[in-house]
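Dear colleague,

I am passing the structure on to you with this message, and my notes on what turned up in it follow below. Please read them alongside the coordinates.

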Amino acid sequence: MTLTLAPPAKLNLFLYVTGKRPDGFHELYSLMVPVDLRDRMRVAFEGEGICISCSHPDVPEDSRNLVWKAADIFSRRYREKNAGVPYKGVRVELEKNIPVGGGLGGGSSDAAAMLTAANRHMSEPFSNSELMDIGLSLGADVPFFIHGGAAYAAGVGERLTPCTDLPDIYALICCPGVFSSTAQVFKNLDNGLTLPPNYIMNTGSNVLPKGQGPDMWDTLHNDLEGPASRLYPVIGATKEEMAFLLKQPVFMSGSGSSLFALFSDHGRAESGLDTLTRAWPGSTKRVFLARVMHNDRRV
């Protein structure tokens with residue numbers, strides 16, 4: 001059996017760090033959305049062992065790869081549950097389109113796709129919630145991608161509440177060309193933790209205006225932007241330049257380094273893409289125009 005997959009990237013439209021747990025991990029509250037910037041995966045259940053090949057030179061092809069880990073842990077959990085061997089071998093060809101280390105969740109999305117593909121191959125021995133629990137052992141963002149749609153995330157990111165009234169919006173995404181370490185960003189987080197405004201916690205949707213009004217999103221916020229910009233000054237510098245060129249607010253996704261601006265009108269988003277492309281010819285910065293998806297339940 002061979003499956004062709006298209007794992008999506010994600011954006012954190014807002015992200016608040018609300019506490020620190022005894023195990024050292026941080027609690028957060030975030031609105032996470034899938035976008036149609038996608039990696040490509042070809043998964044074949046054949047041969048012996050786990051074999052990963054990837055187009056990106058910075059992505060490992062051995063047991064350090066999250067796809068490898070996902071294939072391995074699914075096999076182990078299946079044996080524990082069913083006392084059988086789910087597959088002798090799996091071959092994965094991975095084409096990376098989502099920037100690596102950009103806070104867009106590409107590795108987690110690929111791992112989630114691997115788990116979902118293996119579950120389908122084996123006639124779905126695990127429920128969606130069980131698969132999300134397995135995914136959490138690989139990374140905090142993996143359950144979101146298994147969940148498959150826009151969601152408010154709490155805890156370390158595993159407690160998900162669907163966002164059912166997201167407006168139609170587009171994201172102009174810029175990867176400034178620097179790899180941001182999530183661990184280092186959290187390590188450099190200020191001691192003073194913040195809480196999101198009550199209206200965000202209670203209603204969520206109030207932060208995102210509907211319709212084709214002005215593309216100003218003043219209420220959005222990311223607690224990790226400060227420490228990420230201090231560690232990697234190019235993030236802050238690119239944000240300022242991007243905001244100046246687009247004449248509207250720019251935000252950081254996750255722990256960085258990717259930045260984004262939101263548009264309610266596709267024409268304005270395309271115009272913004274043209275502006276950045278002309279301003280940064282030959283630059284290491286990469287710019288993408290993506291649609292924010294309400295749901296993405298396709299493997």
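**Notes on the structure**

Asn65 sits in the loop that runs between β5 (49-54) and α1 (66-82). Please keep in mind throughout that the model is a predicted one. With a relative accessible area of 4%, Asn65 is buried, and its side chain reaches the backbone oxygen of Pro60 at 2.7 Å. Leaving aside residues up to four places away in sequence, Asn65 touches Ile52, Val59, Pro60 and Leu94.

As for the chain as a whole, its secondary structure comes to nine helices and twelve strands, and 53% of its 299 residues count as buried. Among contacts between residues at least 6 apart in sequence, 76% join residues that are at least 24 apart. The accessible surface comes to about 13200 Å², and 50% of that surface belongs to carbon and sulfur atoms.

Helix α2, which covers residues 106-121, has 16 residues and reaches 22 Å from its first C-alpha to its last, close to the 22 Å expected at 1.5 Å a residue. The helix is mostly covered, since twelve of its 16 residues are buried, including Gly106, Asp110, Met114, Leu115 and Asn119. After α2 comes Ser123, whose phi is positive, near 65 degrees.

The search for salt bridges in the whole structure gave eleven, and three of them may be of interest to you.

- Lys96 forms a salt bridge with Asp110, the closest N and O atoms being 3.2 Å apart. This pair links distant parts of the chain, with Lys96 in the loop between β6 (89-95) and α2, and Asp110 in helix α2, 14 residues apart. Both Lys96 and Asp110 are buried.
- Lys239 and Glu225 meet through their side chains in a salt bridge at 2.4 Å, N to O. Lys239 lies in helix α8 (residues 233-246) and Glu225 in helix α7 (residues 225-231), so the pair ties together parts that are 14 residues apart in sequence. Lys239 counts as partly exposed at 22% relative accessibility, whereas Glu225, at 17%, counts as buried. Elsewhere, salt bridges that share partners join Asp39, Lys96 and Asp110 into one network.
- Arg76 and Asp72 also meet in a salt bridge between their side chains, at 3.0 Å from N to O. Both residues lie in helix α1, four residues apart, which is about one turn of the helix. Arg76 is partly exposed at 36% relative accessibility, and Asp72 is likewise partly exposed, with a relative accessible area of 23%.

With best regards

Conventions. Residues are numbered from 1 along each chain as its sequence is written. This is a predicted model: local features need pLDDT of at least 70, side-chain atom pairs count only at pLDDT 80 or more; totals for chains, interfaces and linings use all residues. Side-chain values use heavy atoms; hydrogens and water are left out. Helices (H or I, at least four residues) and strands (E, at least two) are DSSP runs, numbered from the N terminus. The expected span of a helix is 1.5 Å times one less than its number of residues. Buried means under 20% relative accessible area, exposed over 50%, partly exposed in between (1.4 Å probe, protein chains only). A polar contact is a pair of N or O atoms within 3.5 Å; within protein, one must be able to donate a hydrogen and the other to accept it, and residues adjacent in sequence count only if both atoms are side-chain atoms. Contact means heavy atoms within 4.5 Å. Accessible areas come from the Shrake-Rupley method with a 1.4 Å probe; for residues, only the protein chains shown count as cover. A salt bridge is a side-chain nitrogen of Lys or Arg within 4 Å of a carboxyl oxygen of Asp or Glu.
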